[in-house]
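Visitor: I would like to learn how to read the aromatic contacts in this model. Please take me through them.

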Amino acid sequence: RRPAPVVLSAILLGLLAALQLLGAFSMTAVGLITLHNSLPGIPPSSPFPSSALPILFFGMALFVAALAVWTILTLIGLIRLRSWARYSVLVIAGCMAIFGAILTLTSIATPFLTPAAGSNSHALRTTFFVIAAVYAVFTALGVVLLIYFNLASTRELFLLATPANPGPPHTSTGRPRPTAITVISWIYLSSAP
């Protein structure tokens, strides 16, 4: 049986993966639109030429899709109580906490750093504070996940559920492969595409 916080964390990761896939799909759609039509309202002094915008959107979509795959794999590992999934959740939670805190502070500070836009200044400030509240929720969720997955009882749960490892991974020759070689090979494999 899995503890309720692990199940809730898996549900949270599922929702996060769904949002990431939705974002990747949206960026791909915008990339296709900009590929066939130029977006209205892009000034000629834009830092990007309009021909580079589809590449930018497709690249962002690919990056967000890769994050979604990582989140889904972590979700599967979390359901199976794999120890690597706990570490992956810690990395995801750390990113949520750090980037969420930065974006929360930025969203709070932005209305005070920009000049008032007349009658729309109140609506603009309210919008930024609502955005800050959403980022604050993500920050709080990241901190809660960091705390829970660092508890001794949680670490023990994942260690007990991990199958016994007979030894280090072996190569085709039967000799053990050093961890550094495995890491370097994965870096080369992931950077090749």
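Guide: Start with a group of rings: Tyr 148, Phe 149 and Phe 158 form one aromatic cluster. The model is predicted, so local features need pLDDT of at least 70 and side-chain atom pairs count only at pLDDT 80 or more, while totals for chains, interfaces and linings use all residues. Residues are numbered from 1 along each chain as its sequence is written, and side-chain values use heavy atoms, with hydrogens and water left out.

Visitor: How many aromatic pairs are there by the pairing rule?

Guide: Rings of Phe, Tyr and Trp (its six-membered ring) pair if their centres lie within 6.5 Å; planes under 30 degrees apart are stacked, over 60 edge-to-face, and the rest tilted. That rule gives three aromatic pairs here. In one of them, Phe 112 and Phe 129 are tilted, with 6.2 Å between centres and 50° between planes.

Visitor: Which parts does the pair of Phe 112 and Phe 129 tie together?

Guide: Helices are DSSP runs (H or I, at least four residues), numbered from the N terminus. Phe 112 is in helix 3 (residues 83–113) and Phe 129 in helix 4 (residues 121–149), so the pair links parts 17 residues apart in sequence.

Visitor: Is Phe 112 buried or exposed?

Guide: Buried means under 20% relative accessible area, exposed over 50%, and partly exposed in between (1.4 Å probe, protein chains only). Phe 112 is exposed at 52%, and Phe 129 is partly exposed at 37%.

Visitor: What geometry do Tyr 148 and Phe 149 have?

Guide: Their pair is edge-to-face, 5.1 Å centre to centre with 85° between the planes. Tyr 148 is buried at 16% relative accessibility, and Phe 149 is buried at 0%.

Conventions. Helix = DSSP H or I, 4+ residues; strand = E, 2+ residues; numbered from the N terminus.
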